[in-house]
Each structure stands twice: as structure tokens, then as C-alpha cells.
Amino acid sequence: MKYRWSLAPAQPLLAGELARRLQLSPLLVQCLLNRRLDEPEAMAAFLEPRLKHLADPLRLPGMERAVERLLAARARDEPLVIFGDYDVDGVTSTAVLLEVFQKLGWRASHYLPHRMDEGYGLSREAVRNCLQRFPVQLLLAVDCGSASREVIAELQAGGVEVLVLDHHQISDPPPPAFALVNPRASAPGAEASAGGGLELCSAGLAFKLCHALLKRGRETGLSGADTFDVRPLLDLVALGTIADLVPLAGENRILVAAGLERLRNTPRPGLIALKQAARCPARLSARDAAFQLAPRLNAAGRLETAEDALRLLRAATLAEAAPLAEALDRQNRERQELERTITAEALAAVRARFNGASDYVIVEGRPHWHLGVVGIVASRVLQQFHRPTLILGGDGGHWRGSGRSVAGFDLAAALRECDGLLVRHGGHALAAGVTLAPARLEEFRGRLNAIARRQLSPEQLMPSLRLDAEVGLEELTIESLAAFERLKPEGQQNPPVQLVARGLAHQRPLQRCGARQQHVRMWFRDGRAAHEAVWWGAGEESLPVGCFDVAFAPEINEYNGVRRVRLRVLDWQPAGPAAKNGSA
């Protein structure tokens with residue numbers, strides 16, 4: 001796939017001044033500027049994330065009211081049920097809340113909906129089943145509920161008070177919950193901003209709720225509140241935050257930075273067993289959590305029920321946890337095979353009808369496609385075509401599916417414009433869910449494409465390769481690359497450092513490697529320095545020739561105890577005339 005290179009504007013004067021004040025390299029400062037940090041204090045806080053910099057949890061919209069109601073329930077020994085969700089964010093949030101509630105004396109139960117049988121969130125069927133099992137008058141909806149107006153109105157009218165702890169988009173008008181704790185909500189004196197937690201997912205919000213309960217509990221004499229330490233919960237919070245792909249900026253950066261340290265050395269038997277099953281490295285990274293741990297926890301909810309994932313996280317011993325982790329590992333392999341099969345079918349279906357000039361959104365569905373993997377398949381199709389993509393599977397008389405979008409196209413907003421064609425919809429700008437009658441599929445596809453053609457330019461349908469700076473090869477040293485470690489953990493709104501070097505030539509012949517010769521090793525020079533490079537999965541891509549520019553991610557490669565700079569190639573293009581004339 002060809003990329004549209006997007007090089008951040010160089011700011012040498014500002015970067016140089018800030019580098020002197022902060023005693024950092026100008027290149028590192030340029031990367032911080034590219035991440036929308038332009039004040040010394042903000043840069044310093046970003047590079048040194050600390051829990052003490054978390055905002056007061058009681059400033060979140062709805063938090064005061066939720067805390068008062070929960071403390072009243074504790075004082076009256078009133079039972080409550082936590083209604084969670086089946087993804088990693090929902091499961092880790094539920095685990096965090098159960099741990100705190102049960103240790104501090106709440107009579108708390110939990111309910112996780114079944115993806116296939118009950119659908120997403122506070123569906124009527126799931127709520128009915130929940131209350132039949134736990135006939136309570138207080139329900140805490142976690143990672144769902146912000147758009148469930150009708151169901152919450154019915155519950156409130158029936159004498160069940162609902163607290164919502166969620167980060168998804170809120171319906172208009174909002175649901176009539178007793179308390180709606182959602183950073184997107186507006187409330188007098190509340191902060192709906194980065195400092196006020198707008199970037200938080202539900203795992204982060206669960207942590208903030210626990211913090212707020214303890215803070216208020218210490219003031220009111222709640223037994224155990226004065227000695228309870230919330231920091232051991234951060235392994236679960238970090239895992240939920242990383243898995244939910246929310247921005248790793250603001251408070252999320254603080255929670256994940258602290259949580260990753262906990263996750264690497266967690267005493268939690270379930271996470272120890274999960275790391276063993278996933279064969280994770282000792283120095284666990286955010287990427288390891290995202291691509292090794294999260295898919296295994298998600299596998300349970302995708303194919304059956306998320307109860308096993310929750311049981312794993314709450315396991316008291318390694319003997320209890322190990323078979324659960326092994327079962328999730330097997331389910332994940334089943335999920336991967338199912339995903340590969342459906343992805344192949346979906347790509348074939350798209351290619352059979354695709355018209356790049358008019359198809360700005362891809363919508364495909366088949367009655368036999370498994371609902372547990374349609375979101376992953378949508379991501380795979382988007383990677384191939386770089387178009388907003390919705391993939392749907394059969395669900396009784398309706399089809400249900402998930403969508404993924406590209407920058408510049410708010411998928412949740414577009415679905416709201418299609419409301420009359422849909423049974424149900426909701427989600428975020430870049431990821432959303434939908435339910436519709438199969439007979440409306442063609443009309444839905446046409447409506448969405450009309451919206452996208454109005455909002456997207458052809459250039460936005462070509463993937464953009466974000467580049468932090470232009471560098472000479474001599475600037476890439478072990479020391480300069482080690483400094484980039486301070487930017488971690490990487491994720492949404494804090495991507496890995498990617499650079500461009502111009503006017504390069506081959507220092508020696510390239511080498512193909514890998515079982516299928518699918519990778520390429522190269523050695524680049526620019527007249528001042530030379531470095532090894534590797535292009536993973538280059539396959540049949542055209543390779544650099546003559547004088548060329550290369551986009552790459554810099555990395556330190558260690559082999560036999562020797563550490564060297566290496567460039568991981570992302571793309572290349574012929575060098576311009578200036579680079580050709582200046583190349584040695």
C-alpha cells in the first residue's frame with residue numbers, strides 16, 4: 001500500500017530553546033511538540049508521569065452523586081449489582097469494582113451480558129436476566145448505558161435506581177439515570193477536558209470511582225477506607241486502558257505508566273497465568289499487553305461468555321488461574337482461525353464489487369459470519385482498503401456488526417444520520433456498532449457512502465504516514481534512541497517515533513531473509529553515516545534503488561550482547577533533485 005507522507009513542520013527555534021531549558025535533545029523536543037506539548041511544564045509532566053498529578057476524581061461529572069448513593073447503600077447494607085461488558089475494558093472495570101466493594105463491605109454481585117444471546121450493553125433481555133438472578137434496587141452499569149434512555153427509564157420507573165459509569169457517547173437527551181458518571185457529560189463545575197478525564201476509558205473511571213469512594217469514605221468514617229491502597233489495582237486499569245485503544249495522553253498516560261510497572265511484577269495469579277500462556281517477555285510493554293494479553297481475555301467474550309475472563313482476573317491461586325488461562329489461550333486460537341476464514345471471505349466480497357472512485361465506505365454482511373469477530377474483520381478490511389468499514393453477521397431476524405473508521409470520518413455521527421434505517425447503533429468516532437434488518441443493507445450502504453463522499457476528500461482515503469522529523473543518519477545514535485524510551489508507553493495520540501532520512505544510497509547489496517524470503521535487510525548511507533535497516537514483510541514491494549528517501553522507525557537492535565542502531569523501514573520514494581545533487 002502506498003502512503004501519503006505527512007511530515008510534521010520543523011520548529012527549530014522553539015525546539016532549540018525548549019531543549020536548552022529542559023536539557024533535552026532538540027529531536028526529542030520536536031517529537032514532544034508533535035504530540036501537542038508546547039509548554040515546558042507540560043513536557044516535563046509528560047516525560048515524568050506521576051500518580052500525584054491525577055485530578056480530583058470528585059470533579060468528574062456525576063461522581064459526587066454516584067458516591068453519595070453508593071455510600072448510602074453501604075450504610076444500609078443494600079445489595080447492588082454491577083452490570084459490566086464482555087470486552088477487556090468492561091471485564092477489568094468489573095474486576096476493579098468487585099475487589100474494592102467486597103473488601104470494603106458492600107454486598108455487590110456482578111452480571112456480564114452474553115454477546116450472542118443478549119447483545120451489547122443494557123439490552124432489555126440482558127437487564128431482565130440480570131435482575132431475575134439478582135433482584136436488587138441498585139444497578140451500576142459499567143462501560144455501557146450512556147445511550148440506553150428507554151431501558152434506564154423503565155428501570156427507574158420500576159424502582160431500580162441506575163448509576164452509569166461509562167465513557168461512550170451520550171444520547172440526546174441523556175438517559176435518566178440516578179447518576180451519569182461520564183467525562184463527556186456537562187455538569188456545573190465539572191471538567192469535561194483532558195485534565196478532567198475526557199480521555200479515560202471505563203477501567204480508568206472505575207479506578208477514579210474507587211478513589212472517590214475512599215476519599216469520601218475517609219471523611220465519613222467508612223471502615224477500612226483509611227488503610228485501603230488503590231495502587232495494586234493499576235495492573236487491571238492499565239490492561240483495560242491499553243486494550244480499549246483510548247488516547248495514551250493525560251490521565252491515561254499516568255495510569256498506564258504506573259500500571260505497566262505493576263503488570264510486569266503483578267502478584268495477581270490470573271495475570272501471572274495469562275502472561276505465561278501468552279509467553280510474554282519479562283519487560284512487558286504496552287504493545288505486549290495490547291497484542292498478547294488483551295486478545296486472550298477478549299476471546300472468551302467473543303466466542304462465548306466473558307465470565308471465564310473475569311474469573312481468571314479474580315482467581316485467588318495459580319492452581320485456579322492456570323487452567324482458565326490455558327482455556328482462554330485455546331479460545332484465542334479458535335478465534336484467530338475463525339477470523340482468518342471470515343476475513344478471506346469479506347475481502348473477496350469487497351474486491352468483487354469495489355469501485356475506488358465511489359466506494360468511500362465499505363459495508364458487507366453474511367448471515368453465517370460470527371458476531372464475535374466482525375469488529376476484528378472490519379479492522380483487517382480497513383487495513384487493506386483504507387476506507388471506513390462495517391462488517392455484519394446474522395443475529396436472528398437482524399444483522400449485527402461492528403465498524404471501524406479513518407481519521408476525518410466520525411462513524412458514530414454518520415450512524416446517527418442513518419437512524420431511520422437502523423434498529424440500534426452507538427459507539428465512538430473511530431469504532432461503532434450497528435443492528436439492522438438485512439433488507440435495509442443496500443440502502444444503508446448507499447446512505448453511508450453519500451455521507452462519506454460529502455465529508456471525505458480522496459486524499460483522506462490514502463493512508464497517511466505520520467513522520468516526526470527529517471534527520472541525518474549521524475543523528476541516530478544509541479544515546480539519541482535511548483532518549484525516545486522516555487516517550488513510552490506508546491499508543492493512541494502518542495505513536496512510536498517515525499522519521500525520514502533523505503538522499504540515501506545502498507552501502508552494500510541487500511539481502512532477502514525469512515522462511516519465504518519475505519523480509520529484506522539493507523544497509524543505507526548518506527555520506528556522513530551508515531546504518532543497517534530491515535523491511536519486515538516487504539514481500540513483493542518494490543525496493544529502494546538509486547538515490548532515495550526512506551521513512552522508518554528507529555530502534556536499538558541487540559544481538560550477542562552488542563547494541564546497534566537499526567532502521568525499521570516503513571516506506572521509500574525516489575529522492576528529489578536537491579537530495580540527489582547533495583548526496584555523497
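Biologist: Which residues is Ser402 in contact with, leaving aside its neighbours within four places in sequence?
Modeller: Val374, Gly375, Ala378, Thr389, Leu390, Ile391, Ala432 and Gly433. Keep in mind that this is a predicted model.

Biologist: And which strand is Ser402 found in?
Modeller: Strand β9, which covers residues 398–404.

Biologist: Is Ser402 buried or exposed?
Modeller: Buried. Its relative accessibility is 17%, and buried means under 20%, so Ser402 counts.

Biologist: How far apart are Ser402 and Ser186 in space?
Modeller: 28 Å, C-alpha to C-alpha. In sequence, 216 residues separate the two.

Biologist: Switching to Thr343. Where is that one found?
Modeller: In helix α15, residues 318–353.

Biologist: What does Thr343 touch, not counting residues up to four places away in sequence?
Modeller: Val377 and Arg380.

Biologist: Buried or exposed, this Thr343?
Modeller: Thr343 is buried, because its relative accessible area is 10% and the cut-off is under 20%.

Biologist: Is Cys210 buried or exposed?
Modeller: Buried, at 0% relative accessibility. Cys418 is buried too, with a relative accessible area of 0%.

Biologist: Let's zoom out. How many helices and strands does the protein have?
Modeller: 20 helices and 18 strands.

Biologist: What radius of gyration would a compact globule with 584 residues have?
Modeller: Near 25 Å. The protein has 25 Å, so the value agrees with a compact globule.

Biologist: What box do the C-alpha atoms fill?
Modeller: Roughly 80 × 55 × 50 Å, taken along the principal axes.

Biologist: How many of the residues count as buried?
Modeller: 54% of the 584.

Biologist: And what is the accessible surface of the protein?
Modeller: About 25100 Å². Carbon and sulfur atoms account for 51% of that.

Biologist: What about contacts between residues 24 or more positions apart?
Modeller: They make up 67% of the contacts with a separation of 6 or more.

Biologist: Last topic, charges. How many positive and negative ones?
Modeller: 71 positive and 67 negative. Their mean positions are 3 Å apart.

Key
Residues are numbered from 1 along each chain as its sequence is written. This is a predicted model: local features need pLDDT of at least 70, side-chain atom pairs count only at pLDDT 80 or more; totals for chains, interfaces and linings use all residues. Side-chain values use heavy atoms; hydrogens and water are left out. Helices (H or I, at least four residues) and strands (E, at least two) are DSSP runs, numbered from the N terminus. The radius of gyration is taken over C-alpha atoms; the globule rule is 2.2 Å times the number of residues to the power 0.38. Buried means under 20% relative accessible area, exposed over 50%, partly exposed in between (1.4 Å probe, protein chains only). Contact means heavy atoms within 4.5 Å. Accessible areas come from the Shrake-Rupley method with a 1.4 Å probe; for residues, only the protein chains shown count as cover. Lys and Arg count as positive and Asp and Glu as negative; His and the chain ends are not counted. The place of a charge is taken as NZ of Lys, CZ of Arg, CG of Asp or CD of Glu.
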